[in-house]
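Here is a short report on helix packing and sheet layout. Please look at the structure first.

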Amino acid sequence: MDEVKERELTLVTRKACFGLPTACPSCLPVYIYLRFAQVPFDLNFNLIHPDSDQIPYVESGAYVAYNNEKGGVIESLKDDGIVDLDSELHTVPEWLSTKAMIGSWLADAVMYELWVGSDGSSANKIYYSDLPWPIGKILFYKQMHVVKQLLGITKDNAERREAEIYRRATIAYGALSSRIGEETFFFENRPTSLDAIFLGHALFTLQALPETSVLRSKLLEHGNLVRYAEKLKTEFLEAGSSSSSVPLFHSNPSSSTPRRGPSNWSPKPQSKPKREKTEEEKTFRRRAKYFLVTQLVSVLIFLSLVDGSNDAEVELDDDDGEGLGYND
């Protein structure tokens with residue numbers, strides 16, 4: 001992969017909002033990981049495939065590392081020898097268990113708050129605000145149904161599962177607070193993928209979740225974790241953001257679609273938009289129309305399956321529409 005190392009990488013994520021370079025909780029750790037590694041990369045946004053599990057992905061020429069392959073983008077970059085911040089830590093039990101706790105207990109808590117335990121405003125802004133309102137709303141309900149299945153939430157156990165999710169998040173924050181103390185990083189006084197994953201989680205929780213968020217309030221109870229997030233955000237995400245080697249993000253969002261195989265797409269230039277790019281506009285419109293049609297079909301299939309299932313746990317009625325969860 002030496003030829004990949006010599007080329008500039010392109011990271012494709014969901015869009016920026018809430019004061020974050022990308023507000024997607026899956027994309028932000030990858031962005032931070034590349035910033036930690038001081039690797040030059042371009043950042044582009046995908047606006048027409050909000051529910052693609054391939055996003056985020058990194059590409060360079062014919063090389064592509066997708067989120068839904070080989071354990072995610074960060075693991076792919078490490079396994080392929082492109083960017084590895086975790087050398088000599090792969091076999092350290094405490095490092096492994098701490099990283100697993102963040103990737104399971106805290107990831108579940110964010111997933112719950114984003115899709116079930118809130119009014120859905122953060123999720124809609126991140127994923128669906130560029131779609132027509134009816135499509136975005138139905139896709140939100142569809143994803144909420146998927147998340148409830150992943151977390152094992154039913155009508156009978158909803159309160160118990162919510163309590164368990166927050167109990168585990170509380171334990172995780174306590175353990176992380178004790179581990180970090182007043183140090184800059186969790187292990188060996190240097191950034192690793194563990195720091196990238198937790199910093200992404202912390203910044204998303206503090207900035208993208210509403211002030212009424214239970215998870216946000218639990219994180220704020222640990223001042224050293226908040227200081228950790230603020231310090232690293234200042235040093236790695238804000239300081240030097242004007243650097244030409246590692247740009248913070250491009251002002252023009254990308255409508256590129258996830259691809260398989262060799263890539264023939266290059267990052268957008270930094271010059272001002274030119275009105276004569278009519279072919280690009282036509283391509284975008286064609287992709288957008290195709291996306292909307294496919295989503296409508298998938299939604300209709302989804303609704304028919306839910307209505308026809310005897311054990312479906314989510315009903316698209318007033319209860320879900322008004323509460324969107326179990327925080328009543």
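## Helix packing

Helix 4 passes helix 8 in a left-handed crossing; that is, the near helix is turned anticlockwise from the far one by less than a right angle.

Contact means heavy atoms within 4.5 Å. Helix 4 contributes residues including Trp 95, Ile 102 and Leu 114. Helix 8 contributes, among them, Leu 194, Phe 198 and Phe 204. By class, the contact has nine nonpolar, four polar and one charged residues.

## Basis of the model

This is a predicted model: local features need pLDDT of at least 70, side-chain atom pairs count only at pLDDT 80 or more, and totals for chains, interfaces and linings use all residues. Residues are numbered from 1 along each chain as its sequence is written, and side-chain values use heavy atoms, leaving out hydrogens and water.

Four strands form an open sheet with mixed pairing, in the order 2-1-3-4. Pairing takes at least two DSSP bridges between two strands. Strands 2 and 4 (63–66) are the edges, each pairing on one side only.

Strand 1 (residues 9–13) pairs with strand 2 in the parallel sense over five bridges. Thr 10 stands opposite Asp 42 in strand 2.

## Strand 2

Strand 2 covers residues 41–45, and five of its five residues are buried (under 20% relative accessible area, 1.4 Å probe, protein chains only). Phe 41, Leu 43 and Phe 45 are on one side, Asp 42 and Asn 44 on the other.

Conventions
Helices (H or I, at least four residues) and strands (E, at least two) are DSSP runs, numbered from the N terminus. Ala, Val, Leu, Ile, Met, Phe, Trp, Tyr, Cys and Pro count as nonpolar, Asp, Glu, Lys and Arg as charged, and the others, Gly among them, as polar. Buried means under 20% relative accessible area, exposed over 50%, partly exposed in between (1.4 Å probe, protein chains only).
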